[in-house]
Amino acid sequence: MGTVREAVFEMLRERGMTTMFGNPGSTELPMLTEFPEDFRYVLGLQEAVAVGMADGYAQALGRPTLVNLHTAPGLGNGMGAIFNAQANKAPLVVTAGQQHRSLMTLQANLTNRDAIRMPHPLVKWSYEPPRAQDVPHALARATHLAGLAPRGPVFVSIPMDDWSVELGDEEAEAVRHQTTRRVSGAALPDAAVLRELAQRLAAARRPALVAGPDIDSSGGWDAAVRLAERQRLPVYATPAPGGGRLGFPENHPLFQGILPPAVWPVGDALASHDLVLVAGTSVFPYYPNIPGALLADGTSLVAITSDPDEAARAPMGDAIVADVALTLAALAELVGDMGESGAGDSKAGDSEREPPPVRPAPEEVEISDPMNPSTAVRTLAQVFPPDGIVVLESPSATLALRNQLRLSRPGSYWFSAGGGLGFGMPAAIGVQLACPERPVVCVLGEGSAQYAVQAFWTAAAYRVPVTFLVLRNDEYAILKWFGMLEEISGAPGLDLPALDCVAVAGGYGVNARRVADAEELGVELRNALASDGPELIEVQVSPGMALA
Ligand SMILES: Cc1ncc(C[n+]2csc(CCOP(=O)(O)OP(=O)(O)O)c2C)c(N)n1
């Protein structure tokens, strides 16, 4: 008994999915009627914002999150952000309203004429339930699928007249079964496969670990550190474009830096290793085309991933499909401990490994006016709280920020693995809502800030205390750099004169100001971090890439 809507809200409540994101239209209002008091609806003024916030929230919480869009045009606006969510492996249950069932065939206004096909290939599953009574089951199924590895967005289209349909006794009983099931899916590899990998690792002379984002999302951070320390593994971060999260503390003495993002340089960077263990990333998130050997002669590779497609599409090496955290923990138990002495215990075989070199501390670049972006992120590093979180969308300063901040805690870094701009601002709001006790700083290029600029309004309206740091260089610096790499000259549209983020943010209700130098930047960052509302600081930086 009760309505479809009541059954759905009961299921969401039971699963802790009481915060939802969206932008409503007439086709979504029947879902939102008599909105329960224990639920929170976070409004985004554009669908890219709603999806991006849900992405950050779902990832930071590690749980499926519902985002509700307005039939076909709302879904269309959200597609770039759904693309990012897929690359980020964010467990999103994307729903959209649909016309009244009786008006779909004649294609009344706002009918999503092919709702199931529309979000492909960006979702794991796309569905429109055949009957109103199937809506709760469809959403339960969507929730399970979104949360199972590889996590990612799913889509359900819901005709607007379904929500008020009364369930009969038998139907209600069926719905109860359908919506209260628990489905879990973290699996270990076969014991023999694990043993063989442990032996291979122990026998290697110069093995290395490449750490990817799924170490963090699977809860494998401590296991990765334990394994690396026991086996004295030099650790590299997966190439930055695919590193939506960190997989290893970047201030750890074993951490060697970020792998370059192209075929030849990666093969070259790993050439001194006889075995490369890759955990929680694709092999590899390459971007520019710099051809060459995938791996040097004498280097072999094994990847651990929970994503069968990542395992299948890798161009080289072996792969094991299993939960990353469980596998790393089991491997750390199986291999020996090289400990302080480097001698190894009985499980480790007879190898003795030199500890890898320790990376030098980040250097200060020469002070200039306007300041180098590296100086700006170095100033951020000086005031950055130990439990702080960075959400990054400042393409030309990505490497400088990673180098200067050297973040060392799980869940501290968020970046769009999809590369679609418009992730940073909404995701920062979602992460801050999921982690209210941790300060969130969103570092943005002024160009990137424009792709989901309406996020400022949500930050102000809901008083989400994100600190937005805009590095203003009056250009699309990264594209100019790519232009050089691709030997392109004379391309238009790469300069951004007079783009004033302080005025834009102020218009949406965010407290915003521009600073003149590094000293003032430090002071204003401290103030912003202490504020209980959103704050924006814009700083003029010199053009070009910042690598150090
Ligand atoms: C949705 C989307 N559109 C376009 C791009 C291409 N793109 C990549 S970086 C970039 C420029 C970003 O400019 P800005 O934020 O000012 O950073 P900078 O390069 O100056 O550091 C653009 C337009 C993209 N990645 N995503």
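**Helix packing, cysteines and one asparagine**

Helix α6 (residues 135-147) and helix α7 (residues 169-179) have axes that come within 9 Å and cross at roughly 5°. Axes here are lines fitted to C-alpha atoms, for helices over the stretch in contact, with angles running from 0 to 180 degrees between N-to-C directions. Helices are DSSP runs (H or I, at least four residues), numbered from the N terminus. The helices α6 and α7 are therefore roughly parallel to each other, a term for angles under 35 degrees. Pro 136, His 137 and Ala 140 of α6 meet Val 175, Gln 178 and Thr 179 of α7 in this contact, where contact means heavy atoms within 4.5 Å. These residues divide into three nonpolar, three polar and no charged.

This is a predicted model, in which local features need pLDDT of at least 70 and side-chain atom pairs count only at pLDDT 80 or more, while totals for chains, interfaces and linings use all residues. Residues are numbered from 1 along each chain as its sequence is written, and side-chain values use heavy atoms, with hydrogens and water left out.

The whole structure holds zero disulfides, a disulfide being a pair of cysteine sulfur atoms within 2.5 Å. For Cys 435, the nearest cysteine sulfur is that of Cys 442, 14 Å away. Cys 435 counts as buried because its relative accessibility is 10%; buried means under 20% relative accessible area (1.4 Å probe, protein chains only). The sulfur of Cys 501 lies 11 Å from its closest cysteine sulfur, in Cys 442, too far for a bond. Cys 501 is also buried, at 1% relative accessibility.

Asn 403 sits in helix α15 (residues 398-405). With 15% relative accessibility, Asn 403 counts as buried. Apart from neighbours within four places in sequence, Asn 403 is in contact with Arg 359, Pro 362 and Ala 548.

Notes. Helices (H or I, at least four residues) and strands (E, at least two) are DSSP runs, numbered from the N terminus. Angles under 35 degrees count as roughly parallel, over 145 as roughly antiparallel, 65 to 115 as roughly perpendicular and the rest as oblique. Ala, Val, Leu, Ile, Met, Phe, Trp, Tyr, Cys and Pro count as nonpolar, Asp, Glu, Lys and Arg as charged, and the others, Gly among them, as polar. Buried means under 20% relative accessible area, exposed over 50%, partly exposed in between (1.4 Å probe, protein chains only).
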